Amino acid sequence: MKTISVINYKGGVGKTTISANIAAELAFRDKRVLCIDLDAQANLTFSFLNVSKWQELDKKKKTIKHWYDEFLENDRDLSLKSLIESPETINNKLRAYKSTGKVDLISSHLELINVDLELATRLGGTTDRIIRSNYLRLLSRLKRRIEELQNDYDVVIVDCPPNFNIVTQNAIVASDYYLVPAKPDYLSTLGIDQLIRHIELLTGKYNKFVEEANSDEWSVIDPDVAGVIFTMVQIYSGAPISAQANYIAQVKRTGTATFNQFIRENKTLFAVAPEYGVPVVLKEDASGTYLQVRSELEKVVTEIIQRINI
Amino acid sequence: MSKSKNDVLLAMRMFQDFFSRLSSIEVENLLNGRATISYVEKKISNDLKKKFDNFLLILAKKDSREEMLNYLKNNDLLDNRFAYTELCNYLNIRVKSKENLSSLEEKILGYVEENKQSLVQDFGELLDVDNEIDYIASEIESFNNTEEALNYLRQNKVLQNRSNLRLLAKSLNVYLQKDLNNEAIMENIVESVVGAKLRSLAIRNSKSKKSIEE
């Protein structure tokens, strides 16, 4: 099983769109996929479930926020299995395509934003040992629970919030790889370097604590960058416009892994798809530009499969 | 149209693929005459044009027909019939559908022999510039100091010409606004290639091998 975080500090770059479409296409290719929505905006959740369904899950305490609540209020480490939901619409679509894959979901919650603040109070301590133990325990919670799902899924996709708080750090610690959707513009390219640096610092600190702890309870992490996927690209004569090609080339020159395939801008297609619970990549009657967008998404998934050996 | 069974089958498959990708509205429009299908030949890319020009220049510089034929038969660029046809189209040499490779080779060699002098003169100059620009592009990417990179560009005679500067920017995917003078173009190139790299390194707080060596 491979765990992939989809992350970028900048909002609105297509993290959720990429997460939903990658999940759908992998499932179409017969993979068992679990999506974990860690973004308090809950956009990935609402890409697969309608609001009334989500309200039902909320009443039953079946969102990731409730999982964190159990830890914060009762110091309990629950299994993630009880939170897993199989969204009907997308899975029916997969069955119609005769796919043996599936997409399951652990939903987010708007109040997850408060959880970060409370989790931060669990860090620290009076001695180095306590500080280290609290740090490792807090940051590895998601990792440990995801590992329990090894036999149930081929891929776990974690849609991260646009920040580097405790919840996001949980995701990175749990991940084998991370994907960085980015718009090819000046601010986005600066953000990529910052993100990679923070992940390297997190990995360094976590692994240092693991070595100091010297216990079988913890293991080192090595989340690798699967690549930067450029999104919202404007095309002219079959290639990105020069202003955007400029930034794509700049990122490639830094040696950062970058996907060969980019995703073009299409406001109509991407604006509408979440409302129907089926990502663009599974749209069957695509033609013209829609078909181009769909095949771009398919090629991105092919690159993902090759890069991380799913 | 070709009467070969294989060609007809291939063409039918092509049409089938084409129609299967249309929406029902698009098919209806075609049937009702509200839309039409047209044949458009793909243009060869600039990259392929450069390769053809380079190939023709090398061929034109050969001393004998035997050497020319040997080079034609053993190069990587023309490794199938389609590549031969593309080169003939580029040179406006007419190609018949059933023409074999030997016949195409003869036509290409004939063209080169007839136009030897102008090929060497015209392509020689163009390709020298293209090759120089490619070399400058690869060199500029290795700089870790913007001032040194700028001086490197300033000192290069090929880049005194603004269109060559713009070609260099294009080969590096550097976006330029219109109406920039030569100095501004060079600054843009250096900023985009070297400046961006240094910014990235600074943010990631790591050192490049070259700066360590320096």
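At 60% relative accessibility, Gln306(A) counts as exposed, where buried means under 20% relative accessible area, exposed over 50%, and partly exposed in between (1.4 Å probe, protein chains only). The structure is a predicted model, in which local features need pLDDT of at least 70 and side-chain atom pairs count only at pLDDT 80 or more, whereas totals for chains, interfaces and linings use all residues. Residues are numbered from 1 along each chain as its sequence is written, chains are lettered from A and ligands numbered from 1 in the order in which they are written, and side-chain values use heavy atoms, with hydrogens and water left out.

Gln306(A) is located in helix 13 (residues 288–308) of chain A; helices (H or I, at least four residues) and strands (E, at least two) are DSSP runs numbered from the N terminus. Glu212(A), in helix 10 (residues 186–213) of chain A, is partly exposed, with a relative accessible area of 38%. From Glu212(A) to Tyr177(A), the C-alpha separation is 25 Å, and the two are 35 residues apart in sequence.

Chain A as a whole comprises 13 helices and eight strands. Its radius of gyration is 19 Å, close to the 19 Å given by the globule rule for 310 residues, so chain A is as compact as a globular protein of that length; the radius is taken over C-alpha atoms, and the rule is 2.2 Å times the number of residues to the power 0.38. Along the principal axes, the C-alpha atoms of chain A fill a box of roughly 60 × 45 × 30 Å. Of the 310 residues, 55% count as buried. Among contacts (heavy atoms within 4.5 Å) between residues of chain A at least 6 apart in sequence, 79% join residues at least 24 apart. The accessible surface of chain A, from the Shrake-Rupley method with a 1.4 Å probe, comes to about 13,300 Å², and 47% of it belongs to carbon and sulfur atoms.

Charged side chains were examined next. Chain A carries 38 positive and 40 negative side chains, and the centres of the two sets lie 2 Å apart. Here Lys and Arg count as positive and Asp and Glu as negative, while His and the chain ends are not counted; each charge is placed at NZ of Lys, CZ of Arg, CG of Asp or CD of Glu.

Asp69(A) is buried at 14% relative accessibility, and Lys65(A) is buried at 11%. A salt bridge also links Asp77(A) with Arg145(A) (3.6 Å, N to O). Asp77(A) lies in the loop between helix 4 and helix 5 (88–96) of chain A and Arg145(A) in helix 8 (residues 141–147) of chain A, so the pair ties together parts that are 68 residues apart in sequence. Asp77(A) is partly exposed at 28% relative accessibility, whereas Arg145(A) is buried at 14%.

Between Glu141(B) and Arg253(A), a salt bridge brings the closest N and O atoms to 2.9 Å. Glu141(B) lies in the loop between helix 7 (116–140) and helix 8 (146–155) of chain B and Arg253(A) in helix 11 (residues 242–253) of chain A, so the pair joins two chains. Glu141(B) is partly exposed, with a relative accessible area of 35%. In chain A, salt bridges with shared partners join Lys53(A), Glu56(A), Lys62(A) and Glu85(A) into one network.

Notes:
Salt bridge = Lys/Arg side-chain N within 4 Å of Asp/Glu carboxyl O.
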